[in-house]
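Reader: Could we go through this model together? I would like to begin with the contact between the chains.

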Amino acid sequence: MWVKLVLLLLFCLMILGAVHFAPPPESEKPSSSARFVHSLRLLTWNIGYAELEDDTRAHDQDLPAIAVVILREDPDAVALQELTGNAQLNILLGLLHGKYRGAVAQQGKGDRFEAVLVKDTGATFIPVALGARYALGASFRPREDMRQVVLLSAHADAFNAAHRRTYTEALIDWAQARAQSSEVFIAGDFNFELKAANETNLYTDDLKHDSESYSHILRYFRDLGRAAGHTAINDRRIDYIFGPATLEQIGRVEVLRDAAVGRMDHWPLLVEVGL
Amino acid sequence: MLTLLKLELEKLLRARSFYLSFVVLIAFVALMLWGFYTYAARKTGGEAVEQFKYTYESKQYFNGLTFALYSLLFSFTLLLPIFVSMSAGSQIAGEARSGTLRMICTRPISRVSLILSKFLVSTFHAGLLLTFFIGFNLVVGLIFVGWGNLELYPGPFNLVDVPGKIMRDDALMRFGYAALSGTWALLVIAALALLCSVVFDSPAQAIVMTIAAYLTLYIVGRVEFFEHLRPYFFTTDMDFWRDVFKPDIPWQSLWHYACICGAYTTGLLLVTVVIFERKDIVT
């Protein structure tokens with residue numbers, strides 16, 4: 001009988017131990033957005049639709065809602081992905097009441113474009129050729145007394161991890177070359193699948209390529225949105241804002257999960273940093 | 001109780017399946033070594049250099065500690081639970097099948113002592129198997145691949161969010177921790193197998209049922225349809241053992257999951273004792 005009592009006691013102790021050592025729920029964890037340092041506010045958003053739709057690019061009817069989010073959050077610069085082209089950008093700029101200037105990237109092999117919107121009227125836009133794809137950079141000065149900032153809007157291949165890796169390598173080479181003269185930020189949808197738990201295989205080349213790509217970026221840049229969690233449906237964190245590795249002041253970091261409209265599968269990622 | 005334990009140990013050491021488990025693990029390490037060698041040769045030159053400009057997979061990355069970690073992580077999920085199930089699943093059902101259970105129970109020993117001694121022997125086997133496997137991997141890694149620091153990258157194995165490194169001596173200590181945490185996790189399988197061994201009279205049935213339950217939960221836990229059920233599977237909790245390989249060990253989470261595994265083990269053992277005490281032994 002005493003053995004059964006000891007086992008029961010051990011069982012109860014284990015349950016108590018599990019409760020005692022339970023990690024705090026998400027809401028009780030200290031938030032990185034608690035400290036506010038407003039020097040530069042950046043937002044990235046893939047405004048396209050999920051794979052199941054006929055046209056997975058951004059839809060014109062969603063543009064007013066996108067403009068509302070941008071005006072409400074008031075970022076200094078915005079990196080957008082999956083626009084249909086210049087016409088759509090011009091509609092969006094109109095909805096932003098002339099508060100922003102913008103440009104779309106050159107067309108690569110695909111049918112969708114990256115874009116950058118910047119508040120600074122003196123901003124210059126730089127096309128960035130990365131193999132068969134294009135990204136777009138914008139060079140601007142958020143305040144008179146601040147260093148020049150370059151924001152890149154990027155969108156890596158959704159279906160091929162090896163292509164993502166070569167794209168990332170070229171992107172980082174480009175960004176590194178400008179890091180001496182400007183504060184370089186890279187924002188966009190990189191489609192990295194880094195959660196091995198979601199893989200049915202124990203080890204895949206795709207996982208390794210994404211791991212190599214992400215690790216390569218982290219050699220030179222800091223992942224600013226890491227604390228904010230997933231940015232797309234199915235708990236995927238595939239949208240990133242990378243900033244200079246030396247950056248010390250990070251304020252609000254948030255995925256705006258109430259912002260998506262229609263059949264969008266991504267949410268905007270907002271990051272505030274002090275330069 | 002000590003005499004009983006000694007007898008059970010003797011039985012274990014005389015069983016062919018005990019030695020078979022070590023032979024299979026040695027064969028697995030040989031296979032891993034071959035795979036690691038060919039993979040490392042391709043990835044530190046040849047294909048990788050032609051296709052990509054940058055890679056972390058240098059010759060320093062491919063060292064004995066990385067080899068041991070790969071081998072351990074690959075085998076722990078599917079290989080080791082099979083041997084633990086075999087060992088624990090045949091403890092009572094094996095006696096029933098060979099017709100010795102009734103005789104043992106007529107002796108002046110309590111059924112609880114019998115179950116506990118059988119569980120302790122299964123625990124010993126699980127611990128020995130894992131410690132041997134880790135030690136053997138490290139020795140093979142040292143001799144055939146060479147040593148260095150343990151470098152970790154996001155993605156593979158889901159251990160880190162950012163690239164990290166564990167220095168060689170610390171990494172060796174972590175393998176020691178893994179022997180303990182891994183054995184603790186495997187005890188859930190051992191307790192389940194012992195329960196099946198009491199419920200079923202055939203050892204094959206007990207082993208198959210244990211492996212089936214484990215694999216079902218493991219596979220279902222990997223399918224996205226059931227991601228909301230995942231936290232309720234013991235296979236998810238068992239994964240805590242790997243946390244000792246994180247550059248900063250998350251001790252709170254590790255103790256939390258270790259306690260959950262402990263609750264599964266003691267709970268299953270308690271049920272096993274209750275069922276076995278009331279069981280009418282007719283074989």
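Author: The contact takes 34 residues from chain A and 32 residues from chain B; two residues are in contact if their C-beta atoms, placed from the backbone, lie within 7 Å. This is a predicted model, in which local features need pLDDT of at least 70 and side-chain atom pairs count only at pLDDT 80 or more, while totals for chains, interfaces and linings use all residues. Residues are numbered from 1 along each chain as its sequence is written, and chains are lettered from A and ligands numbered from 1 in the order in which they are written.

Reader: Turning to chain A itself, how many helices and strands does it have?

Author: Chain A has five helices and twelve strands. Its C-alpha atoms fill a box of roughly 80 × 40 × 40 Å along the principal axes.

Reader: What is the strand order in the open sheet of six strands?

Author: The order is β5-β6-β7-β8-β10-β9 (chain A), with mixed pairing; two strands pair if DSSP finds at least two bridges between them. The edge strands, each pairing on one side only, are β5 (124-130) and β9 (221-223) of chain A.

Reader: In which sense do β9(A) and β10(A) pair?

Author: β9(A) and strand β10 (residues 239-244) pair in the antiparallel sense, over three bridges. Within β10(A), A:Gly243 is the bridge partner of A:Arg222.

Reader: A:Tyr240 lies in that strand β10 of chain A. Is A:Tyr240 buried or exposed?

Author: A:Tyr240 is buried, because 23 other C-beta atoms lie within 10 Å. The cut-offs are 20 or more such atoms within 10 Å for buried, 12 or fewer for exposed, and partly exposed in between. Leaving aside neighbours within four places in sequence, A:Tyr240 is in contact with A:Ala187, A:Gly188, A:Phe190, A:Asp223 and A:Gly225. Buried residues make up 43% of the 275 residues in chain A.

Reader: Now the largest nonpolar core, please. Which residues touch the most other members?

Author: Of its 79 residues, these are B:Val188, B:Ala190, B:Ala191, B:Ala193 and B:Cys261. The largest share, 18 residues, comes from helix α8 (residues 168-199) of chain B. A second, separate core of 71 residues includes A:Ile66, A:Tyr240, A:Leu269 and A:Leu270. Such a core is a set of buried Ala, Val, Leu, Ile, Met, Phe, Trp, Tyr and Cys residues joined through C-beta atoms within 7 Å.

Reader: What does B:Ala191 touch?

Author: Not counting residues up to four places away in sequence, B:Ala191 touches B:Tyr264, B:Thr265, B:Leu268 and B:Leu269.

Reader: Finally, at what angle do α7(B) and α8(B) cross?

Author: The axes of helix α7 (residues 111-145) of chain B and α8(B) cross at roughly 145 degrees and come within 9 Å. Axes are lines fitted to C-alpha atoms, for helices over the stretch in contact, and angles run from 0 to 180 degrees between N-to-C directions. By class, the contact of these two helices has twelve nonpolar, six polar and one charged residues.

Methods. Helices (H or I, at least four residues) and strands (E, at least two) are DSSP runs, numbered from the N terminus. Ala, Val, Leu, Ile, Met, Phe, Trp, Tyr, Cys and Pro count as nonpolar, Asp, Glu, Lys and Arg as charged, and the others, Gly among them, as polar.
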